[in-house]
2 protein chains.
Amino acid sequence: MQLGMIGLGRMGNGMTERLREHDHDVRTYDPKVESRTASSLEELKAQLEPPRAFWMMVPAGQITEDVFKDLLKLADEGDTIVDGGNSNFHDSQRRFGEAGAKRLHFIDAGVSGGIWGLEVGFCLMVGGDAEPVKRLEPIFQALAPKDGYAHVGPSGAGHFVKMIHNGIEYGLMQSYAEGFEIMEHSEFPLDLEQISGIWRYGSVVRSWLLELLHTAFEEHGGNLDDIAPYVEDSGEGRWTIHEAMLEDVPVPVITAALYARFASRQDESYAAKITAALRNEFGGHAVKSE
Amino acid sequence: MQLGMIGLGRMGNGMTERLREHDHDVRTYDPKVESRTASSLEELKAQLEPPRAFWMMVPAGQITEDVFKDLLKLADEGDTIVDGGNSNFHDSQRRFGEAGAKRLHFIDAGVSGGIWGLEVGFCLMVGGDAEPVKRLEPIFQALAPKDGYAHVGPSGAGHFVKMIHNGIEYGLMQSYAEGFEIMEHSEFPLDLEQISGIWRYGSVVRSWLLELLHTAFEEHGGNLDDIAPYVEDSGEGRWTIHEAMLEDVPVPVITAALYARFASRQDESYAAKITAALRNEFGGHAVKSE
């Protein structure tokens with residue numbers, strides 16, 4: 001079927017390619033990418049037959065909001081806007097309402113799989129009304145691996161589930177990270193590439209993230225010498241913890257994993273200075289000077 | 001080749017079966033299991049040709065120590081004792097020394113895979129001297145899936161790596177647990193069996209533990225109604241954290257995961273009583289009476 005893909009970054013490009021491999025007719029727009037089929041949203045609209053489906057695959061935040069607002073003006077009654085980015089589910093619920101007021105459909109699609117999705121398929125968590133979701137199912141089925149797609153609930157549910165998915169991801173990554181750091185510091189001369197390698201087969205901790213870690217050790221060596229210990233976050237961990245607070249659910253591991261990322265980005269920890277100063281005050285313990 | 005398996009619980013039995021499928025000649029002893037080939041350690045010894053290999057697959061702690069001491073008396077120079085249980089690596093290093101003093105070999109083999117190992121193979125992390133490890137490699141190769149075995153280092157390294165493996169496992173499990181609890185409490189009527197199901201395919205959080213969680217939801221339903229929220233630990237998480245403290249490595253996630261298990265076992269939290277009492281004292285906040 002037809003789809004208008006907006007955004008041809010790594011994700012949008014991979015998804016377009018995968019959809020075309022499944023014989024879908026994907027028209028594309030990206031202000032900066034030559035391979036696009038349309039040089040404007042208006043032209044993209046003209047290339048699609050109604051009822052149209054526009055898939056936004058652009059960074060969450062202001063860019064998503066801008067494209068959404070443009071589509072809101074541009075689209076005709078009965079058209080569907082899909083947001084495949086990592087938008088906050090509250091924003092998606094609001095956009096669902098704004099789209100509905102113009103008799104447009106809005107679908108929030110959580111997409112996991114990263115740059116590997118083209119090869120193995122993207123896990124898809126979809127939220128929205130039954131009718132447009134059902135209509136676009138050939139698209140979702142083509143993007144996802146077998147059994148890797150579900151309509152998980154009403155508007156917002158897709159991005160909510162994707163948010164939790166990413167919160168879990170923070171905890172999983174930090175779990176491996178801590179274990180490997182203990183091994184790196186240990187009394188044994190361990191080969192961490194070898195250990196991550198054998199754990200991929202038959203162990204309880206085998207996972208896709210572990211496979212990626214093994215690949216990273218292969219590429220960068222066991223010391224990861226050329227990788228700085230600096231970890232960004234793109235917000236979904238924070239939202240997960242915020243949601244946990246709204247629900248009174250204790251999430252110590254996901255929280256600690258986010259804080260470990262914050263700590264990784266500090267040139268110096270003011271809290272550490274405070275603690276050092278206090279040890280000096282009450283116990284006369286030496287402080288290091290800067 | 002020949003092997004004497006001591007302990008025919010779920011693990012020892014599965015390993016015996018897998019080794020026999022690979023045409024190894026496994027003789028067995030367990031005081032309580034009828035299918036054994038020998039009714040005593042002495043008889044087991046008599047059934048094996050020197051240099052013998054005894055594989056202890058018994059619970060870590062006193063039972064392992066008792067069996068080890070019996071083997072120390074019984075075994076002949078050149079024989080090898082393998083400990084496949086979850087012993088503390090310090091104990092394994094000590095046993096290596098005690099065995100060496102009697103000209104016996106000692107190998108610490110970390111085994112992962114649980115009750116599924118018979119089918120897919122057991123991930124094997126082996127520590128010890130090169131000569132006996134090399135000699136027993138046909139056994140290790142048969143137990144492990146392809147590429148799932150390595151000689152990771154000298155005596156103690158096998159159980160050290162297995163300890164870290166289990167520490168990571170604590171963090172991974174708690175990460176999933178927290179994410180699913182937020183979803184369980186959320187405003188959306190989510191089908192957690194469905195979500196764990198699609199995450200198995202193409203998502204970044206796919207793993208064997210997630211597959212097991214999906215199976216658990218299939219068996220017990222999304223509310224896990226018949227499962228009590230009570231989680232034991234068998235010590236490897238504690239040892240991991242202890243080791244991190246010896247190395248000055250911060251492991252907030254693995255620590256929080258262990259503490260979540262402690263909390264799960266408390267009928268009542270004395271700390272919660274303290275905090276409630278203090279809120280009452282300074283702010284007049286109401287306390288619940290017991």
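Through which surface do the copies, chain A and chain B, meet? The model is a predicted one. In it, 100% of the interface residues of chain B are also interface residues in chain A, so the copies meet through the same surface.

The description of the single chain starts with its overall dimensions. Chain A contains 13 helices and seven strands. Along the principal axes, its C-alpha atoms fill a box of roughly 75 × 45 × 35 Å. The chain has 290 residues, and 52% of them are buried. Its accessible surface amounts to about 13300 Å². Carbon and sulfur atoms contribute 52% of that surface. Contacts in chain A were also sorted by sequence separation. Of those with a separation of 6 or more, 64% join residues 24 or more positions apart.

Seven strands of chain A form an open sheet. The strand order is β2-β1-β3-β4-β5-β6-β7, and the pairing is mixed. Strands β2 (25–29) and β7 (149–153) of chain A are the edges, each pairing on one side only. From one strand to the next, the twist averages 25 degrees. Strands of a sheet pair through backbone hydrogen bonds, either parallel or antiparallel.

Both senses of pairing occur around β6 of chain A. Strand β5 (residues 105–112) and strand β6 (residues 123–127) of chain A run antiparallel and are joined by five bridges. Here A:A109 stands opposite A:V126 of β6(A). The pairing of β6(A) with β7(A) is parallel and spans four bridges. In that pair, A:M125 faces A:A150 of β7(A).

Helix α8 (residues 157–185) of chain A lies across β4 (80–83), β5, β6 and β7 of chain A. It runs at about 20 degrees to β5(A).

Cysteines were examined next. How many disulfides does the structure hold over all chains? The count is zero. A:C123 is buried, because its relative accessible area of 0% falls under the 20% cut-off. B:C123 is buried as well, with a relative accessible area of 0%. In chain A, residue 123 belongs to strand β6, which covers residues 123–127.

A contrasting case comes from a helix. A:A277 sits in helix α13 (residues 270–283) of chain A. Is A:A277 buried, partly exposed or exposed? Its relative accessible area is 38%. Buried requires under 20% and exposed over 50%, so A:A277 counts as partly exposed. The distance from A:A277 to A:D226 was also computed. The two residues are 51 positions apart in sequence. In space, their C-alpha atoms are 34 Å apart.

Note on methods:
Residues numbered from 1 in each chain as written. Chains lettered and ligands numbered in written order. Predicted model: local features only at pLDDT ≥ 70, side-chain atom pairs only at ≥ 80, totals over all residues. Heavy atoms only, no water. Contact = heavy atoms within 4.5 Å. Pairing = 2+ DSSP bridges. Helix = DSSP H or I, 4+ residues; strand = E, 2+ residues; numbered from the N terminus. Axes fitted to C-alpha atoms, helices over the stretch in contact; angles between N-to-C directions. Disulfide = S-S within 2.5 Å. Buried < 20%, exposed > 50% of the residue type's maximum accessible area, 1.4 Å probe, protein only. Areas by Shrake-Rupley, 256 points an atom, 1.4 Å probe, with all protein chains shown as cover.
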